[in-house]
Amino acid sequence: MTEPLSWIHFGDLHISNEGDQNHRDFLQLIGEANRYMRGGIAFGLLPGDNADDGEVDQYDLVRKAVSLCEFPVEAIPGDHDKARGNLDLFGDCFPETLPRSFTRGRVHFVFLNSVSHWRRPLFGLGAEQMKWLRDDLSSAHGRGQIIAVFMHAYPSEHEEAGELATLFDESGVSLVEMGHTHYNELANDGRTIYAATRSTGQIEEGPAGFSVTTLDRGVISWKFKPLSEWPLVVITSPGDRRLIVDASNPAQLVRGTVQIRARLWGEGVREVTLALDSNKDQVLRPVDDCTWGADWDSAQIADGAHVLSVTATTENSQTTDRITILVNQRGDYTPPSRHTSDYENALGEWRDKHILGTQLGPNENGRHWPSRHERKHATR
């Protein structure tokens with residue numbers, strides 16, 4: 001599979017009872033993904049906390065729902081999956097061994113078990129998994145691959161936090177994706193993008209949905225798609241200035257002639273157009289079944305920040321994705337100051353990506369939860 005390469009992330013399910021709102025939402029999200037996206041995604045991700053209490057009947061509901069997916073599903077465990085003290089039922093539902101990894105095109109995907117050595121309040125991988133991870137990342141880095149890591153929570157919330165930070169830096173990990181937060185969040189420490197997708201089952205902000213992540217020629221794009229809102233358009237190249245991790249890539253720090261590319265999922269699209277700083281520029285043409293693109297000479301505009309938008313027009317509606325690119329023909333770039341810890345580099349509110357900045361959730365960066373959640377989740 002060649003780039004661009006996309007996947008969807010459902011967020012922590014917290015499945016409890018058949019017919020609960022989160023169970024119905026998950027089934028509807030699967031139906032929408034089957035209808036609109038199955039041909040344009042590599043897999044769907046379940047990031048842990050799949051069964052709210054780790055019970056047999058809850059896993060049966062998860063298994064039945066996942067069996068409806070017309071695309072591969074990758075699953076990792078969270079703390080709720082280990083509520084019974086082990087991951088036996090999770091393993092019955094998702095029998096593939098953890099940790100594991102595979103490669104698609106230039107992208108190396110790594111899936112970890114954050115509760116292998118879990119000691120509240122810290123997650124933990126344990127010595128055996130850490131050794132496997134060091135060897136796996138070393139091999140992928142040596143092959144010059146783009147590395148994406150999936151784990152239940154931020155690396156800094158693991159007992160191996162310092163070791164993970166060093167390892168990810170030395171291995172050139174481009175992306176770490178997580179659940180656990182219960183809110184949408186992107187963070188950039190200057191080397192790695194951290195992407196957290198809000199919960200499906202314990203909603204603190206906005207409607208249910210899933211996020212879509214794409215890797216396109218080294219550019220990372222991310223967008224949350226609320227339930228029932230179609231079509232979906234995501235600019236995949238060039239990248240937003242907030243997500244620059246490699247200024248040597250002209251598709252991140254923009255210079256010269258680049259190809260503007262967007263991925264589009266939905267039905268009845270009549271036209272896809274590009275606008276720069278609100279000025280309509282040109283029509284994008286299909287590249288493959290869900291990718292649209294056009295070559296663009298960035299020297300036509302002045303160095304600096306510019307708003308780039310791509311709009312898909314159907315018979316009855318328009319849908320737009322919007323980013324801010326940073327152009328510099330000389331390649332000069334001074335990165336913003338960064339904090340030491342991963343989540344401290346959160347980008348904050350970003351409405352175009354459905355990041356509301358509420359931060360209502362259980363991780364270290366989360367803000368106050370309503371009391372009903374504090375009572376139910378006092379063990380978090």
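**Helix pairs and cores in a predicted model**

Visitor: Why are α4 and α5 called roughly parallel to each other?

Guide: In this predicted model, α4 (residues 126–142) and α5 (residues 161–171) pack at an angle of about 15°. Angles under 35 degrees count as roughly parallel, and α4 and α5 are therefore roughly parallel to each other. Their axes are 9 Å apart, and the crossing of α4 past α5 is right-handed.

Visitor: What makes the contact between α4 and α5, and which residues meet there?

Guide: From α4 come Met130, Leu133, Arg134, Leu137 and His141, which meet Glu163, Leu164, Leu167, Phe168, Glu170 and Ser171 of α5. Contact here means heavy atoms within 4.5 Å. Six of the residues in this contact are nonpolar, two are polar and three are charged.

Visitor: Why are α1 and α2 called roughly parallel to each other?

Guide: Their axes cross at roughly 15° and come within 10 Å. The limit is under 35 degrees, so α1 and α2 are roughly parallel to each other. In α1, His23, Phe26, Leu27 and Ile30 meet Leu61, Ala65 and Val66 of α2. That contact has six nonpolar residues, one polar and no charged.

Visitor: Which residues touch the most other members of the largest nonpolar core?

Guide: Ile8, Phe10, Met37, Leu46 and Phe210 do, in a core of 38 residues. Elements that each supply at least two residues of this core include α1 (21–36), α2 (56–66) and β10 (209–216). A second, separate core has 24 residues, among them Leu5, Phe43, Ala148 and Ile193.

Visitor: What does Phe210 touch, leaving out residues up to four places away in sequence?

Guide: Phe210 touches Ile8, His9, Phe10, Leu29, Ala33, Met37, Lys223, Phe224, Lys225 and Trp230.

Definitions and conventions: Residues are numbered from 1 along each chain as its sequence is written. This is a predicted model: local features need pLDDT of at least 70, side-chain atom pairs count only at pLDDT 80 or more; totals for chains, interfaces and linings use all residues. Side-chain values use heavy atoms; hydrogens and water are left out. Axes are lines fitted to C-alpha atoms, for helices over the stretch in contact, and angles run from 0 to 180 degrees between N-to-C directions. Helices (H or I, at least four residues) and strands (E, at least two) are DSSP runs, numbered from the N terminus. Angles under 35 degrees count as roughly parallel, over 145 as roughly antiparallel, 65 to 115 as roughly perpendicular and the rest as oblique. A crossing is left-handed if the near helix is turned anticlockwise from the far one by less than a right angle, and right-handed if clockwise. Ala, Val, Leu, Ile, Met, Phe, Trp, Tyr, Cys and Pro count as nonpolar, Asp, Glu, Lys and Arg as charged, and the others, Gly among them, as polar. A nonpolar core is a set of buried Ala, Val, Leu, Ile, Met, Phe, Trp, Tyr and Cys residues joined through side-chain atoms within 4.5 Å. Buried means under 20% relative accessible area, exposed over 50%, partly exposed in between (1.4 Å probe, protein chains only).
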